[in-house]
Amino acid sequence: MENFRKVRSEEAPVGGGAEGGGPGSSPFADLAPGAVHMRVKEGSKIRNLLAFATASMAQPATRAIVFSGCGRATTKTVTCVEILKRRLAGLHQVTRLRYRSVREVWQSLPPGPTPGRKPGEPAASLSVLKNVPSLAILLSKDALDPCQPGYQPPNSHPGPSSQPTAPTSKRSLGEPAAGEGSAKRLQPEPSAAEEDRTA
């Protein structure tokens with residue numbers, strides 16, 4: 001593929017089953033009409049996505065939001081959802097994973113002096129069909145059916161103020177850890193300190 005460059009990438013039409021679906025199809029059939037749909041791309045900025053999502057969910061009319069990402073954007077999709085769940089307590093979650101077919105069109109680079117190729121010949125193109133993972137996550141303020149696959153109940157300890165399970169302390173490499181050696185610093189006895197001052 002070193003002699004080719006990608007010209008375009010488009011979603012290939014697939015049958016309307018649960019696995020495929022077109023670009024506008026949603027894996028959540030019973031979604032409320034006022035739900036916000038966030039399409040996460042590989043180059044999307046997380047802070048921009050979260051600013052819009054947080055402002056949208058702050059409105060009382062918005063009851064649900066869907067984050068969807070495809071290919072390399074799936075990790076960014078999960079990151080956005082986890083941050084939003086920490087910011088807004090009590091969100092129910094349903095996750096759906098499926099595959100989408102993406103057709104990539106590649107065109108050969110401008111020809112240099114290569115043997116066997118005529119100078120006026122048009123550039124060759126190549127079409128590649130890929131199946132890439134696609135992730136859609138629904139966050140809802142309203143209770144969802146806990147029996148459906150991919151359901152997660154709201155976090156019991158939301159927010160960044162939640163305490164870690166084990167206390168951690170910063171220490172240098174030479175100091176003993178908690179429980180190793182004496183935690184009490186040795187101090188000189190008062191009588192010895194007084195003798196040093198008088199002498």
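This is a predicted model: local features need pLDDT of at least 70, side-chain atom pairs count only at pLDDT 80 or more; totals for chains, interfaces and linings use all residues.
Local features here require pLDDT of at least 70 and side-chain atom pairs pLDDT 80 or more, while totals for chains, interfaces and linings use all residues. Residues are numbered from 1 along each chain as its sequence is written, and side-chain values use heavy atoms, with hydrogens and water left out.

Let me begin with helix 2. Helices (H or I, at least four residues) and strands (E, at least two) are DSSP runs, numbered from the N terminus. Helix 2 spans residues 74-87, and its 14 residues reach 20 Å from first C-alpha to last. Its buried residues (under 20% relative accessible area, 1.4 Å probe, protein chains only; exposed is over 50%, partly exposed in between) are T74, T77, C80, V81, L84 and K85. They cover an arc of only 130° around the axis, taken from the directions from the helix axis to the C-beta atoms, which means that they sit on the same side of helix 2. The face turned away from that buried side carries the exposed residues T75 and R86.

Consider T77 in particular. With 0% relative accessibility, T77 is classed as buried. A polar atom of the T77 side chain lies 2.7 Å from the backbone oxygen of A73. Beyond four places in sequence, T77 is in contact (heavy atoms within 4.5 Å) with V40, F67, S68, G69, L135 and I137.

I turn now to the nonpolar cores, sets of buried Ala, Val, Leu, Ile, Met, Phe, Trp, Tyr and Cys residues joined through side-chain atoms within 4.5 Å. The largest has 17 residues, and M38, A53, I65, F67, L84 and L139 have the most contacts inside it. Helix 1 gives the most to this core, with four residues.

Technical notes. The expected span of a helix is 1.5 Å times one less than its number of residues. A polar contact is a pair of N or O atoms within 3.5 Å; within protein, one must be able to donate a hydrogen and the other to accept it, and residues adjacent in sequence count only if both atoms are side-chain atoms.
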